[in-house]
Every structure is written in structure tokens, then in C-alpha cells.
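Colleague: I have the model open and would like to go through it with you. Can we take it piece by piece?

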Amino acid sequence: MNDKKLTDRIKKLSDKYLATGQDLYSFLDGLLYSDYMGYWDYIHLDTLLSLQTPKTDFPDEKIFILYHQITELYFQLILLELEQINKNGKNVLETGEDLGWNKQITLNLFIEKMERINRYLKHLINSFEIMINGMDRSQFIKFRMALLPSSGFQSIQYRMIELRSTDLENLVTGTDKKKTSLVNQFEKVYWKMGANDLDSGKKTYTLKQFEKKYQKRLLKLTNKMQSLNVWSKYKSLKKKDRESKRLINLLKEYDTSINVNWKLAHYKSAVKHLKSQSQNIQATGGTNWQEFLPPRFQKIIFFPKLWNKKEKEQWGKEWVDSII
Ligand code: HEM
């Protein structure tokens with residue numbers, strides 16, 4: 001072994017521990033006695049594989065649970081990138097030195113993060129087939145009754161993705177887009193409007209439960225994100241960078257991937273499992289799903305300024321027409 005290399009390394013370690021008033025020898029002893037890391041420990045495999053607890057004996061319920069969990073993990077991957085855009089990205093030198101968060105987001109970093117997000121969404125859109133054709137319908141319509149009134153509608157991470165991407169006013173539908181206080185505007189967000197009983201106008205129980213658990217947290221994030229979301233960061237770029245075709249295309253790809261193509265893949269699963277010849281089956285979350293879910297009715301667009309009038313009018317239409 002090269003002694004100089006070894007002493008250099010030990011000096012660095014010693015400096016590191018001295019700087020915090022700690023003793024290098026104790027840490028070296030710890031290293032001596034500690035066991036080697038196993039793959040199963042690192043990724044907590046046993047815990048991971050113990051998190052699927054079906055409510056019935058139908059084997060396909062496990063597919064349903066696993067695919068939701070897989071999707072939530074992908075949502076976490078997307079959020080990891082979005083958070084970095086919101087904070088302008090971490091500055092780490094080639095040497096490994098951490099210089100903290102950047103003051104301003106750079107074009108290259110923005111592009112890299114958007115590429116990653118779009119890559120994840122491609123996987124999610126392609127894999128939704130598992131829910132559409134990879135699950136037995138007759139089992140699904142039975143085991144779903146054991147899950148009432150929970151619904152993917154209550155996915156906090158999905159809502160966080162939306163709020164980290166765009167201004168709140170772009171998540172408010174139709175005539176309710178008026179500028180009122182953020183709290184009032186938040187009450188008119190499209191998914192709350194979609195979860196109101198058509199006759200009584202009352203909130204569904206699924207929505208009430210969701211608000212009880214997450215309302216405060218989501219409002220706090222909404223407030224914070226009005227100057228930090230992806231659209232704000234795009235606007236904060238220098239004019240030359242704002243004109244980058246590459247970035248604009250990536251942002252548009254993101255907008256259609258999440259607000260049209262993912263929603264459509266998801267809608268197909270509802271059509272497959274909840275639509276029947278005689279009568280439509282009620283959704284577990286109690287929404288009028290045929291009117292709530294299709295992207296052409298929701299018309300959620302994260303970056304409306306990047307689309308022309310016709311594209312906005314046609315939002316999600318072509319695709320939806322092809323599957324109805
Ligand atoms: C057979 C599979 C599925 C069916 C039949 C289905 C059905 C539905 C329905 C009917 C709704 C409307 C709310 C309600 O009344 O419950 C909904 C909303 C939602 N579901 Fe699913 N879902 C499926 C799979 C998934 C998966 C795998 C995810 C992944 C996390 C998911 C996430 C969501 C989200 C985020 C919403 C809210 C959508 C929005 O606000 O536009 N769903 N789902």
C-alpha cells in the first residue's frame with residue numbers, strides 16, 4: 001500500500017473529526033468492529049416486501065397495491081427533481097466539494113432536470129397497461145369494494161407535483177380563475193371542484209378525509225411555491241435562455257405527458273374497469289369520474305403561455321376522441 005496516500009487520507013479524516021471536536025480513534029474503532037453492509041440492508045428489502053397487505057384473497061389485489069406503490073415511488077423521483085428546480089439546484093464541484101444551493105438556476109441544470117422528469121413520466125405512461133390489461137376485471141370489481149372510500153385521488157405526492165410545477169391559478173378551472181386570496185383560490189382548485197356531489201354541491205367524504213389529513217400542508221406548499229415553481233423559475237431565466245428551444249420543448253413535453261398522456265392512460269383503466277354496458281360503476285372516491293377524469297374537460301395546463309390558442313382549445317381532445 002502507498003504510505004503517502006494512506007497518511008494523506010488519515011490526515012484528512014483527522015481534520016474532519018477535529019473540526020467538530022470529535023475523536024478520530026473512536027471512529028476508527030467503530031469501523032473496525034462494524035459489519036459489512038448487505039444489499040438487503042441498504043435498500044431495506046424486507047421492509048419493502050412487507051408493505052403489501054391486501055384486504056381480500058383475490059391474487060390480483062396485490063398487483064393493484066404494488067402498482068400504486070411503484071407509481072408513488074416514481075412520483076417521489078419526479079419530486080426530487082422538481083424540488084431541485086424550485087431551489088435552483090445544488091452546486092457540487094467535480095472534487096465533491098458541496099458549495100450549497102445556487103442563487104440562480106442555470107439553463108443546463110434546468111434542462112437536465114426536465115429530461116429526467118420526462119423520462120420518469122414515459123415509464124409511468126407506458127406501464128399503465130398493467131392496470132388496464134394486466135389485472136382481472138372480475139377480481140377488481142370485487143376487491144375494490146373492500147377499499148372504499150379510499151382513492152388514488154388522495155395521492156398527496158400527485159398534488160405536490162402540480163403545486164411545485166405551476167402557479168395556483170393554472171390549477172383552477174373555468175370562470176373561477178379570478179384573482180382572490182390564495183386561500184379562496186385554493187378552494188376552487190380543479191380536483192376539489194371535481195369531488196363535489198353534483199346535486200347537493202357537498203364535498204365527497206373522500207375529499208373531506210384528504211383535506212383533514214393534508215389541507216394545511218398543501219396550503220403551506222402552495223404559498224411557498226408561488227415564486228419558486230417551475231414556471232416561475234423559467235420566467236427568472238435570462239431572455240436568451242428563455243428562448244432555448246430545447247428547454248421549451250422539454251417543458252411542453254412535461255405538460256402533455258402529465259396533464260394529457262398520464263391522465264389518459266389512467267382514464268383508460270377507469271373505462272376498462274368501471275364502465276359497463278348497462279350502467280357505470282361508481283368510483284371508490286365518489287366522483288362523477290366520466291366528467292371529472294378526461295383531460296379535455298379538466299384542461300389543466302401548467303404552462304399556458306407556451307401553447308397557442310388552438311392548441312389550448314384542442315387540449316387532450318384528439319387523444320380522448322380516439323379512446324372513447
Ligand atoms: C384500475 C386502476 C384504477 C382505476 C379504476 C382508477 C380510478 C380512478 C377514479 C374513478 C378516480 C376519480 C376519483 C374517484 O372518484 O375515485 C381516480 C383518481 C385518481 N387516481 Fe386512479 N384509478 C386507478 C389506478 C390508479 C393508479 C395506479 C394511480 C397511481 C397513484 C392512481 C392515481 C389517481 C390520481 C392521482 C387521481 C386524481 C386524478 C385527477 O385529479 O385528475 N389511480 N382514479
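Colleague: Is Met135 buried or exposed?

Modeller: Met135 counts as buried because its relative accessibility is 4%, where buried means under 20% relative accessible area, exposed over 50% and partly exposed in between, with a 1.4 Å probe and protein chains only. Bear in mind that this is a predicted model, in which local features need pLDDT of at least 70 and side-chain atom pairs count only at pLDDT 80 or more, whereas totals for chains, interfaces and linings use all residues. Residues are numbered from 1 along each chain as its sequence is written, and side-chain values use heavy atoms, with hydrogens and water left out.

Colleague: Where is Met135 found, and which residues is it in contact with?

Modeller: Met135 is found in the loop between α7 (129-132) and α8 (137-143), helices being DSSP runs of H or I with at least four residues, numbered from the N terminus. Leaving aside neighbours within four places in sequence, Met135 is in contact (heavy atoms within 4.5 Å) with Asp60, Phe64, Ile130, Phe140, Phe143 and His273.

Colleague: Switching to the ligand, which protein donor does its iron atom have?

Modeller: The only protein donor is His266, through NE2 at 2.1 Å, where donors are N, O and S atoms within 2.8 Å of the metal (3.2 Å for Na, K and Ca), and since water is not among the atoms, sites may look incomplete. His266 lies in helix α15, and a polar side-chain atom of His266 is also 2.8 Å from a nitrogen atom of the ligand.

Colleague: Which helix gives the most to the shell around the ligand?

Modeller: That is α15, with seven residues, while α5 (60-86), α9 (156-165), α15 (245-274) and α16 (289-292) each supply at least two. In total 30 residues surround the ligand, the closest being Arg159, Lys263, His266, Thr287 and Gln298, where a residue is near if one of its heavy atoms lies within 4 Å.

Colleague: And how far is the side chain of Thr287 from an oxygen atom of the ligand?

Modeller: An N or O atom in the side chain of Thr287 is 2.6 Å from a ligand oxygen atom, and for Ser151 the corresponding distance is 2.8 Å.

Colleague: Back to α9: how many of its residues are buried?

Modeller: Ten of the ten residues of α9 are buried, so this helix is largely enclosed by the rest of the structure. The buried residues, Arg159 among them, pack against α5, α11 (190-194), α12 (205-225), α13 (230-235) and α15.

Note on methods
Polar contact = N/O pair within 3.5 Å; in protein donor to acceptor, adjacent residues only side chain to side chain.
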